[in-house]
Amino acid sequence: MTMPPPDDLPDHVGAALSAAAGDIARRANASRSIAKIVEPHALTRRVLEERRMIHREESARHHADAFREIRTRLLALGGERNFITMVAPISSKSGGSFVARNLAAAFAFDESKTALLIDCDLRHPSQHGSLGIEASGGGLIDYLDHPAIGVEKILYHTGIPRLRLIPAGREREMGGEYFSSFRMRALLDSLRSRYPDRYLFLDGPAVKGSPDARILADLVDFVVLVAGSGRDTPGAIRKVIANFDPAKLAGVVLNELP
């Protein structure tokens with residue numbers, strides 16, 4: 001049996017072959033992008049534990065497995081395409097930044113993926129401090145104010161292989177004007193599309209008391225809410241959930257750590 005030349009293939013067969021070729025090309029590009037990832041100063045287990053970060057060794061197994069479960073759920077929802085997830089606490093001091101940081105690390109555990117954590121809590125930015133990073137090149141707000149500085153200047157190594165950070169930059173009382181801007185949307189689209197293996201995690205501000213998290217939700221594929229154990233009541237959780245598109249809401253994490 002002979003195959004017809006490509007120009008004579010039925011439309012659906014040609015489309016399938018094109019899709020397969022595109023998938024092979026994307027995977028090859030992903031492998032090349034991961035191969036370029038070099039972590040010059042990987043953190044030790046002791047430092048990771050001091051910074052409240054999960055790792056692969058037995059002493060962190062319980063917490064690491066919890067974040068792997070969230071990762072598995074998000075991947076099931078997202079399919080094969082990379083996606084953007086916002087992690088936002090229901091109220092301040094509920095542990096949203098802790099969850100965002102470790103969820104990004106759980107994705108970076110997978111050697112076929114990279115993760116980018118973006119600190120979008122402009123009132124209380126914490127990720128650069130938690131990760132021990134001196135953000136001398138500025139951060140998100142600096143780029144949105146002056147995009148000519150370039151994205152590479154605000155991308156920082158974290159000491160965790162395949163995980164990068166964009167810190168918040170200069171503190172701002174209100175972030176709505178930045179998060180609803182064309183520049184913010186264009187930045188996220190560019191960061192996601194450049195590498196198909198890159199998963200983006202936005203460390204969002206508290207939902208209660210500010211519209212910023214709801215504005216950010218328009219830019220992402222999934223929303224993970226964080227409720228503080230003993231801090232956020234079931235009624236408060238239900239009220240906050242109602243503010244988000246059910247198709248984007250991946251779930252609520254009950255954080256029992258301070």
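Predicted model: local features only at pLDDT ≥ 70, side-chain atom pairs only at ≥ 80, totals over all residues.
1. Leaving aside residues up to four places away in sequence, Asp-142 touches Ile-149, Gly-169 and Arg-170. With Arg-170 there is also a polar contact, side chain to side chain, at 2.6 Å.

2. Where does Asp-142 sit? Look in helix α6, which covers residues 140-145. Is Asp-142 buried or exposed? Its relative accessibility is 13%, and the cut-off for buried is under 20%, so Asp-142 counts as buried.

3. Now for the sheet. Seven strands make it up, and it is open, with the order β3-β4-β2-β5-β1-β6-β7 and mixed pairing. At the edges you'll find β3 (156-157) and β7 (249-255), each of which pairs on one side only.

4. Take a look at the β3 end. Strand β4 (residues 163-166) runs antiparallel to β3, and two bridges join them. Tyr-156 is the residue standing opposite Leu-165 of β4.

5. Helix α4 (residues 96-109) packs on this sheet. The strands it touches are β1 (84-89), β2 (114-119), β4, β5 (198-203), β6 (222-228) and β7. Compare directions and α4 makes about 175° with β5.

6. How many of the residues of α4 are buried? The count is 14 of the 14, so the helix is largely enclosed by the rest of the structure.

7. One last check, on the length of α4. At 1.5 Å a residue, its 14 residues should span 20 Å. The C-alpha atoms at its ends are 20 Å apart, which agrees.

Key:
Residues numbered from 1 in each chain as written. Heavy atoms only, no water. Helix = DSSP H or I, 4+ residues; strand = E, 2+ residues; numbered from the N terminus. Buried < 20%, exposed > 50% of the residue type's maximum accessible area, 1.4 Å probe, protein only. Polar contact = N/O pair within 3.5 Å; in protein donor to acceptor, adjacent residues only side chain to side chain. Contact = heavy atoms within 4.5 Å. Pairing = 2+ DSSP bridges. Axes fitted to C-alpha atoms, helices over the stretch in contact; angles between N-to-C directions. Expected span 1.5 Å × (residues − 1).
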